[in-house]
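Dear colleague,

Please find the structure below, together with its sequence. My notes on it follow.

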Amino acid sequence: MSVFVRSLRREARRLASQRWELAMVSWVPALAAALMWWIFSAGLPNRLPIGVLDEDHSALSRQVERFLEASPGLQVAERYADATEMDRALVAGRVHAAVWIPRELSRDLKQGRAGQVVLLHNAQRGTHSSLIQRDVRTAVGTVSAGIELTARAKRGESAPTARAHLDPVRANTVALFNTSSNYEQFLGAALIPALLHIFAMTAGAWTLGRELRDRSLGEWLAPGARTNGSAATGTGWSDAAAALAGKLLLPWASLSVVGLLALLGLTLGRGWHPAGSLLWVAVALVLFLALSVAMGAFLAALTRSLRTALSGTGFITAPAFAFGGVGFPLVAMPAAARTWALALPYTHYARVQIEQLQMGAPLAYSMATPLWMAVAALALLAASAGLIGRAAKAPESWGKR
């Protein structure tokens, strides 16, 4: 029996006997991906609760309130009698923002003076704040434009002329990609690979590190050495590489299946047909997970300590999404942070995914990155095999937690 097959069968038996280890590379990642999809399944945030303090009590203020209520992104959840009540609601977090319509708004407009509607919002919640600001500006702007058009019509201007005078210079904004601002396609699709990155690198570190922790490295590499702590002196680099490949194949394959199902579910399963190459994104995802597993195994082989390898895994994978350029632009990061971001594999995978799923970029733009990931994974596996061969000859280094 070849070294690869023997190692593969041994790992399969271990996973079958250790249900929680099997869970961490099967249904737990699948559940995490499903939870992430469920969180963003609405696509667009809507009906965000706001409050209204109407001190004018006029037909105009009621019209403003009706337009706010008609905005799909807003819900007038509370109405206040005074500013103190409004402040308490904002501080308590019952609403994300409050619209204050001051006294004599309608009288100021009738006398030819500019009126003002005040929006009080919590800018600490950036997404809530930006969406509410956009919808409130739209609602108030629509009311304002209607008032101006009515006034110009009374002065004898035709409707087309009045509209031209109302907005003589317009900014025509064109959304090239993700035109509907769908958070499921933008944020959910980026977070699921980041989660799988954590699971994959942890699986690589755990799968190899437990052999060192349990002092079973010699038994794994040389089945004839049945006593724990026996050195596997006859293990060459090729045998160590084959044994390592057999050991890591099952975790990688299982997580790849989870990742591919999540990718297909988020795209074709939700009626989203990306303009770019979905196939190449799938290839990139599988190679990205292979690199993640190889990175975890390399840390375990390098440190000969499961605890240290898992700590290194958390250091690399936990901040990967924050540095990936999805939530915060890379160009706005300090030079040191940008250097660290570019050293993380998730940053490069995220770029491929965005280019193909959302931008529909030519395949040539995204071709090189997955290939480099494959080269890096093979290089790490080769280096790990060499380190394992050296560790096999030093049983006194086994058993580190």
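**Salt bridges**

D135 and R134 are joined through their side chains by a salt bridge, with 3.2 Å from N to O. The term requires a side-chain nitrogen of Lys or Arg within 4 Å of a carboxyl oxygen of Asp or Glu. D135 is buried at 10% relative accessibility, whereas R134 is partly exposed at 43%. Buried stands here for under 20% relative accessible area, exposed for over 50%, and partly exposed for values in between (1.4 Å probe, protein chains only).

Please note that this is a predicted model, in which local features need pLDDT of at least 70 and side-chain atom pairs count only at pLDDT 80 or more, while totals for chains, interfaces and linings use all residues. Residues are numbered from 1 along each chain as its sequence is written, and side-chain values use heavy atoms, with hydrogens and water left out.

The count of salt bridges comes to 15. One of them links the side chains of K247 and E211 at 2.7 Å, N to O. K247 belongs to helix α11 (residues 237-266) and E211 to helix α9 (residues 183-213), so this pair ties together parts that are 36 residues apart in sequence. Both K247 and E211 are buried. Helices are DSSP runs (H or I, at least four residues) and strands likewise (E, at least two), numbered from the N terminus. A further salt bridge joins D214 and R213 at 2.9 Å, N to O; D214 is partly exposed, at 32%. Through shared partners, salt bridges connect R10, E11, R14, E21, R210, E211 and K247 into one network.

**Domains and cores**

The chain divides into domain 1 (3-42 + 182-397) and domain 2 (48-166), with bounds from an automatic or database domain assignment. The centres of domain 1 and domain 2, taken over C-alpha atoms, are 51 Å apart.

Which residues touch the most other members of the largest nonpolar core? They are L208, L217, W220, F321, Y346 and I388, in a core of 71 residues. Such a core is a set of buried Ala, Val, Leu, Ile, Met, Phe, Trp, Tyr and Cys residues joined through side-chain atoms within 4.5 Å. The helix α12 (278-303) supplies the largest share of this core, namely 16 residues. Leaving out residues up to four places away in sequence, L208 touches W220, L244, K247, A297, A300, A301 and I388, where contact means heavy atoms within 4.5 Å. Another core, of 17 residues, lies apart from it and includes I50, I132, V136 and V143.

**Helix α15**

Of the 15 residues of α15, 11 are buried, among them Y346, Y349 and L357. These buried residues pack against α9, α11, α12, α14 (335-343), α16 (363-366) and α17. Just after α15, G360 has a positive phi of about 65°.

**The surroundings of R47**

R47 sits in the loop between α3 and β1 (48-54) and is partly exposed, at 32% relative accessible area. Beyond its neighbours within four places in sequence, R47 contacts E69, S71, P72, G73, L74 and Q75.

With kind regards
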